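I opened my notebook today to look up a few places in a protein model.

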Amino acid sequence: MRNLITDVAGLKVGSAHDSLLASGVTALIFDAPATASIAISGGAPGLRDAALLEADMTVQQIDALVLSGGSAFGLDSVGGVQAALRESGRGFDVAGQLVPIAPGAILFDLVNGGDKNFWREPAYWRLGHMAAQAAALDFRLGSHGAGHGATLVDLKGGLGSASAQTTDGFWVGALVAVNAVGQATIGETGHFWAAPYERDGEFGGLGWPASPPPGALALKMKGAAPQNTNIAIVATDAALTKAQAKRVAVMAQDGLARALRPVHAAMDGDVVFAAATGRAEGPVDAIALTQIGAVAADCLARAVGRAVFEAEPLPFANALPSWRQKFGA
C-alpha cells in the first residue's frame with residue numbers, strides 16, 4: 001500500500017513542473033478507458049471537456065484526467081496529455097481517428113512570484129505532455145505537478161494523495177491540488193482541520209487542539225478575487241456507472257469541507273472528478289456505493305492534509321512559508 005491514489009488498480013499518475021514559471025501539471029492516466037463523472041461546488045471553475053462526464057452524454061469512458069496550474073492558460077495542458085496518449089495509440093475511435101478523452105481542471109497560481117512570460121510559448125501543453133509521459137505508480141507529493149505553485153491564505157499549498165479500502169474490499173483513493181482561499185489549519189496553530197481523519201501520522205499526527213484556540217473560527221481569506229481553487233480526483237476499482245460515479249463525486253466534495261475553511265466559495269473553483277476503473281469484482285448496491293463515497297470523502301480530507309504537510313516553499317521573495325517552516329518537522 002502506497003497511501004496514494006495509485007493503490008486503486010488500473011491507473012497511474014505523472015507530474016511535471018517548471019520552477020521558473022512556478023507552476024505545473026499532474027495527469028492521471030487510466031490503463032484502459034474508465035467511467036467518470038464530476039461534481040462542481042466552487043463558484044469560479046475552470047474546466048475542459050467536463051460536460052461529457054454527465055450521465056446523458058454519449059462518451060461513456062475516458063482515458064485520463066488532468067489537473068493544472070496556470071488558470072485558463074493551464075487548459076492547454078489537456079492538449080499535451082492528449083498528444084502523449086495518441087502517440088501511444090489511445091483514444092476514442094471516430095471514423096478511424098483516435099481522439100483521447102482527457103477532461104481537465106485548472107487552478108489559479110499566476111501571482112505566486114514566478115515568471116509568467118510564457119504567452120508565446122505553449123508552456124502548459126509541454127508540461128501536460130511531460131506529465132503524461134511520467135505517469136507511474138509512485139509519484140511525489142507537496143510542491144510538485146499541479147501543486148507546485150499552489151498556495152493557501154497563510155501557507156504553501158501542494159499536491160496530496162491518500163487511499164483506503166471499504167469494508168467490501170473496494171479500493172478508494174484521492175488526488176488533490178490544494179490552492180485554497182482560506183486555511184487548512186486551525187487558527188494560528190499547526191493543527192489540521194482534517195486531523196480526525198488522519199492515519200498513521202501522515203500529516204504530523206498532532207490531532208485537534210484540546211479546545212479551539214481564540215479566533216479559530218475567524219475566517220482568513222486571500223480576498224474577493226477568484227484566485228483560488230482546489231481541484232481533485234477520487235477513484236475506485238469498483239465497477240460504477242456514470243450516475244454512480246456522479247454520486248461519489250458529490251459525496252467526496254465533503255472531504256474538502258472537512259479539511260479547508262472556508263470552501264466552495266464564490267471565488268473558488270472547487271471541482272472533484274470521480275472515476276471507476278472496474279478492476280474489482282462484486283456488485284455495487286446502494287450500501288456499497290455509500291461506503292465508496294464516504295471513504296472517498298475521508299481520503300480527500302487526508303489528501304488535503306498531506307498536500308500542505310509535504311509542501312516546500314517557493315524560492316521567491318515574500319513567498320508563503322511551508323507548514324514545516326512555520327510549525328517544525
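**Ground rules.** I am working with a predicted model, where local features need pLDDT of at least 70, side-chain atom pairs count only at pLDDT 80 or more, and totals for chains, interfaces and linings use all residues. Residues are numbered from 1 along each chain as its sequence is written, and side-chain values use heavy atoms, with hydrogens and water left out.

**Helix α3.** I noted that helices (H or I, at least four residues) and strands (E, at least two) are DSSP runs, numbered from the N terminus. Helix α3 covers residues 242–259. How far should its 18 residues span? The expected span is 1.5 Å times one less than the number of residues. That gives 26 Å for α3, and its end C-alpha atoms are 26 Å apart, which agrees.

I then looked for its buried residues (buried is under 20% relative accessible area, exposed over 50%, partly exposed in between, with a 1.4 Å probe and protein chains only). Among them are K242, A245, V248, A249, A252 and L256. I was reminded that an α-helix has 3.6 residues a turn, so residues three or four places apart point the same way. The buried residues of α3 pack against strands β2, β9, β10 and β11, and against helix α4.

**Helix α4.** This helix has 25 residues, 286–310. Is α4 enclosed or open? I found 18 of its 25 residues buried, so α4 is largely enclosed by the rest of the structure. At its N-terminal end I found a cap: a side-chain oxygen of D285 lies 3.2 Å from the backbone nitrogen of I287.

**Two buried residues.** D63 sits in strand β4 (residues 62–68). It is buried, with a relative accessible area of 4%. I listed its contacts (heavy atoms within 4.5 Å). Leaving out residues up to four places away in sequence, D63 touches residues including L28, F30, R90, F92 and I101.

G10 lies in the segment before β1. G10 is buried too, at 9% relative accessible area.

**Backbone angles.** Most residues other than glycine have a negative phi, and most peptide bonds are trans. Which residues did I find with a positive phi? A95 has phi near 55°, and N318 has phi near 65°. A95 is in the loop between β5 and β6, and it is exposed, at 83% relative accessible area. N318 is in the loop between α4 and α5, and it is exposed as well, at 81%. I also found that the peptide bond from R261 to P262 is cis, with omega near -5°. P262 is in the loop between α3 and β11.

**The largest pocket.** I wrote the last entry on the largest pocket, which has a volume of about 240 Å³. A pocket here is an open set of points on a 1 Å grid over the protein atoms alone, where a 1.4 Å probe fits, with protein on both sides within 12 Å along at least five of seven lines; lining residues have an atom within 4 Å of a point. The volume is the space filled by probe spheres set on the points. Of the 17 lining residues, the closest to the pocket's centre are V111, N112, T151, L152 and L320.

Note on methods. A polar contact is a pair of N or O atoms within 3.5 Å; within protein, one must be able to donate a hydrogen and the other to accept it, and residues adjacent in sequence count only if both atoms are side-chain atoms.
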